[in-house]
Each structure stands twice: as C-alpha cells, then as structure tokens.
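Visitor: I'm new to this one, and I'd like a close look at a single part. Could you take me through the contact between side chains and then show me what surrounds it?

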Amino acid sequence: MGRRALALLLQLDAACEAVVVLGQATKEAFRSHRDATINHAGLPLVGPEAGARILGEIGDTTGLGSPRLEG
C-alpha cells in the first residue's frame, strides 16, 4: 500500500473515531438536559440523536410561558 493511501486511511480512521466520540457526547448532553424528558414524552420513538437535533432546532422554550386557549 502506498504512503499516501496509508495516510488517507489514518485520517479516515481518526475522523470515524471522532464521530463516535461526538455521538456519545451528544447522547450524554441530551440526556442531562432538562427538556429531554419532555421531548421523549411527546415523541416516544425519537432517540437521543434525533431528540438532540430537534431540541437544537427549537431551542430553549422556557421563556415562552404556557399556551392559552382563546375562545
């Protein structure tokens, strides 16, 4: 195997390991977030990866207050 190919494989291996480490960190951070239980209760089939992404898209909703029904 050529030196360039070996160097590329080493870089790919490091990138793959980083993906695993970041995935684990994401799961841990999501599970410790105060809204994680709300997210799982409202969306029972959403795992920690998708739940963290949804939480990141929606953001912190604690300042919004409770919804009121008009009518």
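Guide: Let's start with the side chains of K27 and E49, which meet in a salt bridge, 3.3 Å from N to O. By salt bridge I mean a side-chain nitrogen of Lys or Arg within 4 Å of a carboxyl oxygen of Asp or Glu. Side chains of opposite charge can pair when their charged atoms come close. The structure holds one such bridge. K27 lies in helix α1 (residues 3-32) and E49 in helix α3 (residues 48-58), so the pair ties together parts that are 22 residues apart in sequence. Helices (H or I, at least four residues) and strands (E, at least two) are DSSP runs, numbered from the N terminus.

A word on what you're looking at. This is a predicted model, where local features need pLDDT of at least 70 and side-chain atom pairs count only at pLDDT 80 or more, while totals for chains, interfaces and linings use all residues. Residues are numbered from 1 along each chain as its sequence is written, and side-chain values use heavy atoms, with hydrogens and water left out.

Back to the pair: K27 is partly exposed, with a relative accessible area of 28%, and E49 is partly exposed too, at 45%. Here buried means under 20% relative accessible area, exposed over 50%, and partly exposed in between (1.4 Å probe, protein chains only).

Now stay with helix α3, where A52 also lies. Leaving aside its neighbours within four places in sequence, A52 is in contact (heavy atoms within 4.5 Å) with T26 and F30. A52 and T26 are 26 residues apart in sequence, yet 7.2 Å apart in space, C-alpha to C-alpha.

What about the two sides of α3? Its buried residues are P48, G51 and L55. They cover an arc of only 60° around the axis, which puts them on the same side of α3; that arc is taken from the directions from the helix axis to the C-beta atoms. On the face turned away from the buried side, α3 carries the exposed residues R53, G56 and E57. Just after α3 comes G59, with a positive phi of about 85°.

Stepping back, the chain has three helices and zero strands, in the pattern α-α-α along the sequence. Buried residues make up 11% of its 71 residues.

How far can you trust the picture? The predictor's confidence in each residue is its pLDDT, from 0 to 100. The chain averages 81, and 76% of the residues score at least 70. Confidence is highest in α1, at a mean of 94, and lowest in helix α2 (residues 36-42), at 66. Where pLDDT is low, the predicted coordinates should not be read in detail.
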